[in-house]
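Here is a friendly briefing to read with the structure open beside you. Take the topics one at a time, and find each residue in the viewer as you go.

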Amino acid sequence: MKLVELHTKADQLSGSYYLGYLVYQSADAATLISLDDDANAGGVLVINNQDILTSVDESPSLAYCQHLIDEGKSTDPFALMPLNQELLKTPLTSLSAASQAALEKDLVVNITLTSGIVYTGIIALAGPTEIQLKQIGDDYELDPLCLVIPLSAISSLELNAPLNKLWKKYQAVKEQFAGQNPYGFYLDWLDDARFGSCLLGLVLDQSDQFLLFESLNDYGQLESICLVNREDVVHESVNSAAIDFSSFLVAYNQKNEIFDPGHLGKLAQSLDHVPTVREVIEKAGKQLVSVDDYELAGENLGYVTAVDEAGFTIEDPESGQEVSHLFENVCALDLASTELEKMREFLAAQNQ
């Protein structure tokens, strides 16, 4: 099997792409065992050949994944490979074959349309020209009504994705987590268009200005220990459908000892007070920092090169470009995160 990076028409606006092992490619579709950005196993992806723009076998992302694979750091934390291998015994050489396999095994699927729209749900009918899908809503419940999707409108279909597998497990125990959220905490940002709809995690400590926050990734794993500027939070809650599901994910990951893959919790335990952004930046030295700033689009990651009374400057580790930040504009600052560790690993691999 070949490690590839596939770019599709559906994802060209977002700049995203697929990473994985190309298992086979038929006249109709390419079939991959997907990998995430850290080379961990995902589900089986079947991608419409007509929607593929390019297939790349050399790129920074592939080099980083190959480095992790060579170092033995590529894992299967959600135990997806046994079912992946079973699915691939019957060649998934078309979207029709993939949808039929999902129907027979009652699997939750992710369906990406050629327009870029993504639907998640369970296939109720798999026909030769269309499928009927019962969607999973924002409340994590299954819609009893079916959405009809022509196969010709589908860019890719993913079976056995980790979050979908976990959702199926959640259905059997969700009553245990309804409103019983010892871990979950929901923060609405002042500017949802900029930072997304919310942060999920746990407030470890707080000062008048900042929250010391354990932030979770989509899989309910510890993603970062960060400072959150309280002025930028417009809503806090400990009760929501998203928190119920995340609390289940946390419990599942803790039971399976995969909650804190980056060993970030040690830092939180070592802190005796909630630092300010200035304190963190002044002590950063040559360490990477990750900053969310309302005045600047996107995540800003780099080395601190200058600090004054009003703010600081960081240098992008790849381009060398410097960006200045005002302390008052910092919305969130990672003290430690899997993203920072990933970038350090990536830079180390490049320098070898």
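Asp 334 sits in strand β20 of this predicted model. The residue counts as buried because its relative accessibility is 14%, and the cut-off for buried is under 20%.

**Asp 334 and its surroundings**

- Once neighbours within four places in sequence are set aside, Asp 334 is in contact with Ser 224, Ile 225, Cys 226, Ser 290 and Leu 340.
- The side chain of Asp 334 also joins that of Ser 337 through a polar contact of 3.5 Å.
- Asp 334 and Ser 215 are 119 residues apart along the chain, yet their C-alpha atoms are separated by 9.6 Å.

**The second largest pocket**

- Rolling a probe the size of a water molecule over the atoms is a way to show where empty space is left.
- The second largest pocket has a volume of about 310 Å³.
- Its lining is made up of 18 residues, and those closest to the centre are Leu 267, Leu 271, Val 280, Lys 283 and Leu 335.
- Which elements each supply at least two residues of this lining? They are α8 (277-284), β16 (288-293), β20 (330-337) and α9 (338-350).
- Sorted by class, the lining of the second largest pocket has 10 nonpolar, three polar and five charged residues.

**Aromatic rings**

- A pair of aromatic rings is described by two things, the distance of the centres and the angle of the planes.
- The count for this model comes to eight aromatic pairs.

**Residues with a positive phi**

- Tyr 140 has a phi near 65°, a positive value in a residue other than glycine.
- You will find Tyr 140 in the loop between β8 (130-136) and β9 (142-150), where the residue counts as partly exposed at 21% relative accessibility.
- Glu 257 has a positive phi as well, near 60°.
- Glu 257 belongs to the loop between α6 and α7 (265-270), and its relative accessible area of 75% makes Glu 257 exposed.
- Helix α1 (residues 60-70) has Leu 62, Tyr 64, Cys 65, His 67 and Leu 68 as its buried residues.

- A polar contact of 2.9 Å runs between the side chains of His 325 and Asp 293.
- Apart from neighbours within four places in sequence, the contacts of His 325 are Val 291, Asp 293, Leu 296, Asn 300, Ala 310, Gly 311, Phe 312 and Ile 314.

**Gln 321 in a loop**

- The loop between β18 (311-315) and β19 (322-326) holds Gln 321, which counts as exposed at 54% relative accessibility.
- Gln 321 touches Ile 314, Glu 315 and Asp 316, when residues up to four places away in sequence are not counted.
- From Gln 321 to Gly 302 is 19 residues in sequence and 9.2 Å in space, C-alpha to C-alpha.

**Gly 42 in strand β4**

- Strand β4 (residues 41-48) includes Gly 42, which is buried with a relative accessible area of 6%.
- Not counting residues up to four places away in sequence, Gly 42 touches Ile 33, Ser 34, Leu 35, Leu 80, Asn 84, Asn 160 and Pro 162.
- Gly 42 and Leu 163 are 121 residues apart in sequence, with 9.6 Å between their C-alpha atoms.

Technical notes:
Residues numbered from 1 in each chain as written. Predicted model: local features only at pLDDT ≥ 70, side-chain atom pairs only at ≥ 80, totals over all residues. Heavy atoms only, no water. 1 Å grid on protein atoms, 1.4 Å probe; cavity = no way out; pocket = protein on both sides within 12 Å on 5 of 7 lines; lining within 4 Å. Points joined across faces, edges and corners; volume = space filled by probe spheres on them. Helix = DSSP H or I, 4+ residues; strand = E, 2+ residues; numbered from the N terminus. Nonpolar A, V, L, I, M, F, W, Y, C, P; charged D, E, K, R; others polar. Phe/Tyr/Trp six-rings, centres within 6.5 Å; stacked < 30°, edge-to-face > 60°. Buried < 20%, exposed > 50% of the residue type's maximum accessible area, 1.4 Å probe, protein only. Contact = heavy atoms within 4.5 Å. Polar contact = N/O pair within 3.5 Å; in protein donor to acceptor, adjacent residues only side chain to side chain.
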